[in-house]
Amino acid sequence: MGIVCNLRRAAAATGLITAAALISTSAFAAGDAKEVEDQDWHFEGIFGTVDKASAQRGLQVYLEVCAGCHSLKQVAYRNLADLGFTEAEIKAIAAEYEVTDGPNDEGEMFQRAAILADAFVSPFPNNEAAQASNNGALPPDLSLQVKAHAGGADYIYALLSGYADAPAGTDVPNGLNYNPFFPGSFIAMPPPLAEDGVEYSDGTKASIEQMAWDVVSFMQWTAEPEMEQRKKMGFKVVLFLIILSAILYAAKRKMWSNLDH
Amino acid sequence: MSAGTNQTGGTGSGLVKWIDSRLPVFSYMQKEYAEFEAPRNFNWFWNFGAILTFMLVLMIMTGIFLAMQYTPDTGLAFDSVERIMRDVNFGWLLRYLHANGATFFFIAVYIHMFRGMYYGSYKGPRELLWMLGVVILLLLMATAFMGYVLPWGQMSFWGATVITNLFSAIPLVGDSIVTLLWGGFSVDNPTLNRFFALHYLFPFLIFGVVILHVIALHVTGSNNPLGVDPKGPQDTVPFHPYYTMKDSVGLAVFVTIMAAFVFFAPNFFGEPENYLEAAPLVTPAHIVPEWYFLPFFAILRSIDFNIWFVDAKLAGVLAMFGAIGVLFILPWLDKSPVRSAKFRPMYKWFFWILLLDCIILGYVGGKPTDDPVFAGAEWFKIIHLGYITTFWYFFHFLILLPLLGIFERPKPLPKSISEAVLGGGTSGSAATAKPMEKA
């Protein structure tokens, strides 16, 4: 991990950038965030798979809590079949959202219910609208968040379950919230999860940790929907290549034994 | 078809002979890749030429299929890459092979180059062979840089901004060059379009220079771990089947390691922030190039002072390009008549120090310049380590190598490869090479 860690903590070539740059509230200092704890995820390791029950609950958390502000543009409703939902269930989920379609025969745009082929409907029509509703901060799209941060799933979990009261003497800027895991400690997102914020249909107790865990399981899947296929294929490919290497090496030794050396 | 035209002999059917007497592709392949005599004592480091050829073909193949699905438009590029990852059949495999392929291409290139340095492969008569290799390195770096811009993530955009801005350091014409590179007044859609076009073109330029590299190799023949020229057939083996076999083993092992990353840790060498779409108004906290550029990036940043009338920025850029420039003239900097470090007791040490120096430069390139190197010694910062390692890099090539050629006392060379290989490695013994073929 050495190289990657170095890269992540690596330097800005600010002296060389002539382009004027606005620094977002999120990019003050990356060094002072609280250490993220390593969690034991179901998807880790070369045989890791998606915990479908958890990811299904995570979808519920996303739809009922996160989707108020965060889009999920890279994922289509049809993709939910990967998590074990039936077609009827997915159609029902999609039908609750409206998309603009058209133009129709009269040249008019029209609203219709979302279908399987549609991408998850975004809460705001554009980034400007999202920022206008969120105090100037842009809620990031959640499709790739697990891959887009150094700590990955561990980081998102720590962030979601890690809101705390600011230490005495810390002045939290107006409109921001204290979260020790966030670089700079002040995050625009208010604590999104509250105890029993959703009611799980499978009876799981909806603690903050449980909801954070489930939504991260879900987001890991949205970031790497190919993961199970990739690892399964990888096992076969790498095993094949190891055997091939061994056979080639044996053949090479046999061939070279004809020579003095 | 008179008998007179069929003079190249050779094996094969009548059709092969018919073609060969008009276009000698078969006899060329036979002569240059099958019968081609290679020193019998290559070690495993001589695998990397074949590995690199494979990597170039792999990158071109995966790249062409990716280009069929990719859209070079600032509004669509990021989403088109995600579409490749999600909706294109095995698109994730193509992209991860291509992205990790770049990393493993550079791993192989750097091993290949350091092998050449250790065994003195750049020395006469192989100067042009080596220089063509440096040209390939430069083209490879340009290609990798432009390819990294295409996904249009945060690091794509900001990396492109930083690197293209380097050219503005050039006096008089710098700003015009930058405008030309951008196709406008900032990194934007025209930049992405031209980088895509050039990223598609450059691999074929590389392919062309690789052909020249191989032609030059087949004129001079390969160097070998002893650095002693083959004296006759007892010192060589036919390239096929001996080295085609050995190269296959090395290639299979190399591909196994690469596959492990592609399938199990495909983003290990990547920068997480490149999974955020480019946002020209949001500067990332840390802008870093890909790992294979870090040593050069460290040299660039280490010159943060004016040198005479040259300002720091231009001096840094010159030093960075100079780091590759010294490789061009390496065959004339190293004055020692002995090729292999095996027989150069002092150079051997300095080789390993240079390798360590380059690794530390890579470490420096990936760290903020005012971080302390060791906890507890706050006064010794990364930038200081950068000064030392940058100085050593140029000191090694420009001062040390010429002096070593004068002051170093090389060990006696073996009379021939076969003597060293078959005669138990005792150099200087009077025994003549014995005939080699047992079978």
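Pro125(B) sits in the loop between H5 and H6 of chain B, where helices (H or I, at least four residues) and strands (E, at least two) are DSSP runs, numbered from the N terminus. The peptide bond that leads from Gly124(B) into Pro125(B) is cis, with omega near 5°. The structure is a predicted model, in which local features need pLDDT of at least 70 and side-chain atom pairs count only at pLDDT 80 or more, while totals for chains, interfaces and linings use all residues. Residues are numbered from 1 along each chain as its sequence is written, and chains are lettered from A and ligands numbered from 1 in the order in which they are written.

Chain A also has a cis peptide bond, between Gly102(A) and Pro103(A), with omega about 0°. Pro103(A) belongs to the loop between strand S1 (98-101) and strand S2 (110-113) of chain A.

In chain B, Leu172(B) has a phi near 65°, a positive value in a residue other than glycine. Leu172(B) is placed in the loop between H7 and helix H8 (174-182) of chain B. A residue is called buried if 20 or more other C-beta atoms lie within 10 Å of its own, exposed if 12 or fewer, and partly exposed in between, with C-beta atoms placed from the backbone. Asn135(A) is found in the loop between helix H4 (127-133) and helix H5 (152-161) of chain A, and Asn135(A) counts as exposed because it has 12 C-beta neighbours inside 10 Å.

Turning to the domains of chain B, domain 1 covers 34-281 and domain 2 covers 288-422; such bounds come from an automatic or database domain assignment. The centres of these two domains of chain B, taken over C-alpha atoms, are separated by 22 Å. Their contact takes 35 residues from domain 1 of chain B and 28 residues from domain 2 of chain B, two residues being in contact if their C-beta atoms, placed from the backbone, lie within 7 Å. On the side of domain 1 of chain B that touches domain 2 of chain B, the elements giving two or more residues are helix H5 (91-118), helix H6 (127-149) and helix H7 (154-166) of chain B. H6(B) gives the most to this side, with eight residues. By class, this side of domain 1 of chain B has 21 nonpolar, eight polar and six charged residues. Here Ala, Val, Leu, Ile, Met, Phe, Trp, Tyr, Cys and Pro count as nonpolar, Asp, Glu, Lys and Arg as charged, and the others, Gly among them, as polar.

At 1.5 Å a residue, the 21 residues of H14(B) should span 30 Å, and the end C-alpha atoms are 31 Å apart, which agrees; the expected span is 1.5 Å times one less than the number of residues. Among the buried residues of H14(B) are Tyr347(B), Leu354(B), Asp357(B) and Cys358(B).

The secondary structure of chain A comes to seven helices and four strands. Along the sequence, these elements of chain A follow the pattern α-α-α-β-β-α-α-β-β-α-α. Of the 261 residues of chain A, 28% count as buried. Chain A is divided into domain 1 (37-75 + 119-224) and domain 2 (226-255), and the C-alpha centres of these domains of chain A lie 39 Å apart. Seven residues of domain 1 of chain A are in contact with five residues of domain 2 of chain A.

Within chain A, helix H2 (residues 52-64) and helix H6 (residues 208-223) pack at an angle of about 100°, with axes 7 Å apart. Axes are lines fitted to C-alpha atoms, for helices over the stretch in contact, and angles run from 0 to 180 degrees between N-to-C directions. H2(A) and H6(A) are therefore roughly perpendicular to each other, the word used for angles of 65 to 115 degrees. By class, the contact of H2(A) with H6(A) has nine nonpolar, three polar and two charged residues.

Helix H6 of chain A also holds Ala212(A), which is buried because 21 other C-beta atoms lie within 10 Å. Leaving aside residues up to four places away in sequence, Ala212(A) touches Tyr157(A), Leu160(A), Ser161(A) and Leu193(A).

Definitions and conventions. Parallel < 35°, antiparallel > 145°, perpendicular 65-115°, else oblique.
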